[in-house]
There are 2 protein chains.
Amino acid sequence: MPCNAPIGVFDSGIGGLTVAREIMRQIPGETIIYFGDTARVPYGSKSQKTIITYSRQIVKFLQTKNVKAIVIACNTASALALETVAKEVSIPVIGVVKPGAKVASMTTKNGNVGIIGTEATINSGIYNTYIKELNPEVRVYGKACPLFVPLVEEGWLTDPVTVEVAKRYISSLLEINIDTLVLGCTHYPLIRNIIGPIVGEDVTLVNPAYETAIELKQVLMQESLENAGPAGEHKFYVSDGADKFKRFANTILPCDVVETEDVNIESFADSLLASC
Amino acid sequence: MPCNAPIGVFDSGIGGLTVAREIMRQIPGETIIYFGDTARVPYGSKSQKTIITYSRQIVKFLQTKNVKAIVIACNTASALALETVAKEVSIPVIGVVKPGAKVASMTTKNGNVGIIGTEATINSGIYNTYIKELNPEVRVYGKACPLFVPLVEEGWLTDPVTVEVAKRYISSLLEINIDTLVLGCTHYPLIRNIIGPIVGEDVTLVNPAYETAIELKQVLMQESLENAGPAGEHKFYVSDGADKFKRFANTILPCDVVETEDVNIESFADSLLASC
C-alpha cells in the first residue's frame, strides 16, 4: 500500500466532517476520501444488523478508492460495526469511540463520567466497556439525546429551544455529579456552546474527534504509512444531496470543497470477504 | 386480480399507520399488507431521485405479496414518487396528497390554505399544484416543519418543547390569516392536540388520512375490486427494528399486531418495468 494513498473517512452524514477537520489540522500531509451516507441518515435509531450492512457497503466503496486506512467518523457505526468490519479488511480501521473513552478515563478526577450520544450508541454500552477496561473504578452514565441531531441539521445551533432540550437531557447527568462529559456523537461539537454553559466550568467536555486524529497519526506511524505530503485533493462522496452537502461542508472545513459526488451506495454488495 | 387480494400500504416508517387505521375503520373488509421503511426513515430530507428508488423497491416488494392496489401513506413519497411508480405498474396506486388537497380546496372560505409537511413535500409545491387545479383562486402557503417527526418519534406528544417548536413553525402561517391547515405529513395527526390550540377554532385542520381511505374505497368500487369481507390477517413488514415497530403499532391500531417481520428491502431491484 503506497504511503500517498488516501485515508477513507465515513459518517452517516455531515457530522463526521468535524473529524475530517481535525485530521486535516493535525495530519495535513494526508489526503481524505470522505463518504457521508446522507440518504440513510440518521444511524442512531437503527439496529446493529442494519448499521453493519451499511458500514460494509461503505467500506467496500472506500476500498475502490484504494484507501490505506479507514476512520469510522461516526459514534454509532464505531459502536456497532467497527469490530465486525475491521476483521474483514486488511487495512487499519479506527473509530471515534475508543479514543474518546481513553481521554475520558484520563480526564475524570471524581470517577463519574457522562456520555451523551444517539440511542444506538448509548444502548450499546460501548463507552462503558472501553472505559472500564482502562480504569475499572470509573462509573459511566449514558444518556441518549435523539433530538440533538435533528436540531443541528435544522441549524438551531444557538436557539432557546435547543437550550431547553439540552437542559432536559443533561440534567440527570448533572444530578449524578459527573465531572467529565463525552460528546459521543459527531454532531454534538456543533452545539458545544450550548452544552458548555449548561454543564458549567467544573465539567470537562471531551470531543472524540480531536483524540481520533491523534490515534490515526499514531497508527499510520506504527504501520509506516505516513505521507510526507503535500496532501492531494480531498474528495467528498455522499449517497444523496451532493449540493446541500457541499454547502454545509464549506462552512465546516478549512479547505474549499469544490465538488461532491453522488454514489449509489446500495450497489456495493454486503460482503467484504470476497474482495480481501 | 381476485377481490380478496390485500391492499399494500407503505410509509417511510410508523406515520403511515394513521392511514392504515383509517382504512381499517372505513373499509373493514379489506386486508392490509403494511411496509414501513424504518431503516431509511426519514424521507423528508431526501432527494426525489432517492425517494423514487426507495418507493420502487417497496412497490416491487408489495407486488410479491400479490396486492390489488397500493396506498402510498407518506406525503413525501406521494409528492415525489407517486407519478413515476404509478405509471410502472398495472394496479391502482393512490397517495395521500391528492385527497388532502381536495378537501382543503373545499374547506377554505377565505381562500388562504396553509400546508405543513417535510422539507421535501413543501419544496415540491405539489399541494399548491393540486389545489390550484381544483380552484385557481385559492392561495396556498407551505411551511416545512423538520423537527416534528423527530419530536413525535421521541414521544414528546404533549411536551412544552413541542408546543414552542409548533408555535415557531406555525406563526408565519397565522399571520397570513389562513382558515385551513393541512397536516401534510402522516406523523402530524399524532400532535393534533398541540397544533389545534395554536391555530385556534377558526382554522380547520385537514387530515389527509381520512380522505385517503375514502378515495381508496371509491377506486376499489370503480375497479370492481372491493372485498365483501371478512378481512384476512393484516401483515406488517419493516426494513429495521420489527419489535420496536410492533410496540408502536399496537398503540395506534384498533387491531392486535401479533407479528412484524424484517425485510431486506434493498434486495428488491430498482426497476419495475421488467416485472410488469
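Where in chain A does A:Pro230 lie? A:Pro230 lies in the loop between H11 and strand E9 (235–238) of chain A, with helices (H or I, at least four residues) and strands (E, at least two) taken as DSSP runs numbered from the N terminus. The structure is a predicted model, in which local features need pLDDT of at least 70, side-chain atom pairs count only at pLDDT 80 or more, and totals for chains, interfaces and linings use all residues. Residues are numbered from 1 along each chain as its sequence is written, chains are lettered from A and ligands numbered from 1 in the order in which they are written, and side-chain values use heavy atoms, with hydrogens and water left out.

Most residues other than glycine have a negative phi, and most peptide bonds are trans. The bond that joins A:Gly229 and A:Pro230 is instead a cis peptide bond, with omega about 0°. In chain B, a cis peptide bond links B:Val41 to B:Pro42, again with omega about 0°. B:Pro42 sits in the loop between strand E2 (32–36) and helix H2 (48–63) of chain B.

A:Asn66 has a phi near 55° and belongs to the loop between helix H2 (48–63) and strand E3 (69–72) of chain A. With 53% relative accessibility, A:Asn66 counts as exposed; here buried means under 20% relative accessible area, exposed over 50%, and partly exposed in between (1.4 Å probe, protein chains only). In chain B, the phi of B:Ser224 is near 50°. B:Ser224 is placed in the loop between helix H11 (208–222) and strand E9 (235–238) of chain B, and its 54% relative accessibility makes it exposed.

Helix H11 of chain A can be checked against simple geometry. The expected span of a helix is 1.5 Å times one less than its number of residues. For the 15 residues of H11 (residues 208–222) of chain A, this gives 21 Å, and the end C-alpha atoms are 21 Å apart, so the two values agree. Which residues of H11(A) are buried? They are A:Pro208, A:Ala209, A:Glu211, A:Thr212, A:Ala213, A:Leu216, A:Val219 and A:Leu220. Just after H11(A), A:Ser224 has a positive phi of about 55°.

Charged side chains were examined next. A salt bridge is a side-chain nitrogen of Lys or Arg within 4 Å of a carboxyl oxygen of Asp or Glu, and by this rule there are 16 salt bridges over all chains. One of them pairs A:Asp37 with A:Arg40, whose closest N and O atoms are 2.9 Å apart. A:Asp37 is buried, with a relative accessible area of 0%, and A:Arg40 is likewise buried at 0%.

Another salt bridge brings together A:Arg168 and B:Asp159, at 2.7 Å from N to O. This pair crosses between chains, running from A:Arg168 in helix H9 (residues 160–175) of chain A to B:Asp159 in the loop between helix H8 (148–153) and helix H9 (160–175) of chain B. A:Arg168 is partly exposed at 29% relative accessibility, whereas B:Asp159 is buried at 11%.

Within chain B, B:Glu22 and B:Arg25 form a salt bridge of 3.3 Å, N to O. Both residues lie in helix H1 (residues 17–26) of chain B, three residues apart, which is about one turn of the helix. Is B:Glu22 buried or exposed? At 9% relative accessibility B:Glu22 counts as buried, while B:Arg25 is exposed at 54%. Elsewhere, salt bridges that share partners join A:Asp37, A:Arg40 and B:Glu266 into one network.

A negative surface patch is made up of A:Glu233, A:Asp243, A:Glu259, A:Glu261 and A:Asp262. Patches consist of residues with over 30% relative accessible area and no salt bridge, like charges being joined within 9 Å and nonpolar side chains (Val, Leu, Ile, Met, Phe, Trp, Tyr) within 5 Å. Within this patch, A:Glu259 is found in the loop between helix H12 (242–252) and strand E10 (260–262) of chain A. A:Glu259 counts as exposed, at 57% relative accessibility.

Finally, B:Lys102 belongs to helix H5 (residues 97–107) of chain B and is partly exposed, with a relative accessible area of 38%. B:Lys102 and B:Tyr127 are 25 residues apart along the chain, and their C-alpha atoms are separated by 9.4 Å.

Conventions. Areas by Shrake-Rupley, 256 points an atom, 1.4 Å probe, with all protein chains shown as cover. Lys, Arg positive; Asp, Glu negative; His and termini not counted. Charge placed at Lys NZ, Arg CZ, Asp CG, Glu CD.
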